[in-house]
Amino acid sequence: MILIKQAEIYTPDLIGVRDVLIAGGKIIAIENNIEAPKGVKCEIVDAKGLKLTPGLIDGHVHIAGAGGEGGPSSRTPELQLSQLIEAGVTTVIGCLGTDGMTRNIESVLMKTKALRAEGVSAWMFTGSYQIPTPTLTGDVGRDIALIEEIIGVGEIAISDHRSSVPTTDELIRLTEHARVGGMLGGKAGIVNIHLGDLEDPFRPLFLAIEKSMLKLNQFLPTHCNRNDYTLVSAIEYAKAGGYVDITTSSYPYFPQYEVKPSTAVKLLLEAGIPIEKITFTSDACGSLPDFNPITGELIQLEMGQPSSNIREMKDIVNVEKLSLEIALKPLTSNPATILKLKNKGKIEVGKDADILLLDDKLEIKFMLAMGVFMKKDYKPLKRGSYEK
Ligand code: ZN
C-alpha cells in the first residue's frame, strides 16, 4: 500500500488538501486524514506543498516508429519507456501513421504489449493514413471488437498530400465499421483523423455526416493547430459538435505556421469552445517533415517527443495565465472520456493509481503508474528493457 499525505488534489478539478490511499494499483480512499493501515506494509509519502494530479494520457504516439518520408534513413525509432516517464505520461495510445506500406499493425500491437509489460497503460488504433487501411483481421470493426488493445482506427489522413484521398463513401463505411466494432467491443470505436494543410481541411468530415447518420463526435481530428486557417476551421468544427486535438510536438519546429498549443487552447476557449472538447497529444516518434511548397521536396526533418505535452500544459498556466484545472483536462479527463478509458484520467476512488505529484514549478517530483513508482524525488526508477 502507498499513503500519500496532504497533497493538494486536482481530480483534475481542485478539491483541496487530502490524503490518498493506494492498494493493488488502484486509488482506494481519498479523505481529509487517513491513518496508515496496521499490519500491512504501507509506504508513506509526505506530499505537503505538492499538487496531486492524474497521470497524463497521450492519445497519439507512433510507439513502433514512423516517418520515412525522407527515405529509409528518415524512419524514426520506437518509443522508449524513459520518454514517457520524463513526460509524466502513464497512458499512451499507439498508431501507425504515414507508412502503412512497409510498417504494420502487428508491430504496433506488440509494442503496445511491450509498454504494458514495462509498467504503463497502453492501447492503440488500427489502420494507417491510407484507405483501404491495413488491419489485423481484414476489417477495422473486427479489429476493434475482438482485439482488447485496439480502441479505434487511425490516423486516417485527409486534406493532405500524403493522404489516399478517401471518397465520402469510403470514409463513411470505415467510420461506420469502427463505430459498430466499438459498440460490440465496448470501446470508443473512434476515427482518429490526420488533418493536412489543405484549406477547409474538415470538409471531408462534414460531407461524411451530411450523407450518413454519423455524428462529428465519431471523429477525433488531430493537428488542429497546424496553421492559422486550420485552427479557425477547428473552431467552426467544434461549434458543430466535433472534438479538437492539438498536436504539441510540432511546435516550435514550424513556428512560421504552427499555432503554439497553449495559445490554441486559449483561442478555442475565447471562441466559446468548452474545454471538454479539447485534447492534447504529442504525436511523438512521428517525423516532422517540412516540404518545399512549390517543388514538394523534403527540406527539413525532426522527431516529436512526449514531453511536449507537459511543456505546453505548463505554458497554459505560466504563459496563458489559465488555471491548472483547465491545463490538465486536455491530457487527463478529456481523453479518458473521449477514448472511453474508464479507469483513467481522474483522481477518484476505484480509478487506476496513475498519479503525478508536481512541485510549485509544475515539475514532476513523484510519478506512479498503476500504483507503482516510476519516479521518486525527481529520479526515474524504471528504464525500458534495452535502455541503459
Ligand atoms: Zn498525423
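Mentor: β9, helix α4 (residues 168-185) and β10 make a right-handed β-α-β unit. Right-handed says that, with the strands pointing away from the viewer, the path from the first strand over the helix to the second runs clockwise. Helices (H or I, at least four residues) and strands (E, at least two) are DSSP runs, numbered from the N terminus. The model is predicted: local features need pLDDT of at least 70 and side-chain atom pairs pLDDT 80 or more, while totals for chains, interfaces and linings use all residues. Residues are numbered from 1 along each chain as its sequence is written, and side-chain values use heavy atoms, without hydrogens and water.

Trainee: How many bridges join β9 to β10?

Mentor: Two strands pair if DSSP finds at least two bridges between them. Here six bridges join β9 to β10, which run parallel. Ile156 has Ile193 of β10 as its bridge partner.

Trainee: Which way do the residues of β10 point?

Mentor: In a regular strand the side chains alternate between the two faces of the sheet. Ile190, Asn192 and His194 point one way from β10, and Val191, Ile193 and Leu195 the other way. Six of the six residues of β10 are buried (under 20% relative accessible area, with a 1.4 Å probe and protein chains only), so β10 is largely enclosed by the rest of the structure.

Trainee: Which residues coordinate the zinc ion?

Mentor: Donors are N, O and S atoms within 2.8 Å of the metal (3.2 Å for Na, K and Ca); water is not among the atoms, so sites may look incomplete. Glu155 (OE), His194 (ND1) and His223 (NE2) coordinate the zinc ion at 1.9 to 2.2 Å. Glu155 lies in β9 and His194 in β10, so the pair ties together parts that are 39 residues apart in sequence.

Definitions and conventions
Buried means under 20% relative accessible area, exposed over 50%, partly exposed in between (1.4 Å probe, protein chains only).
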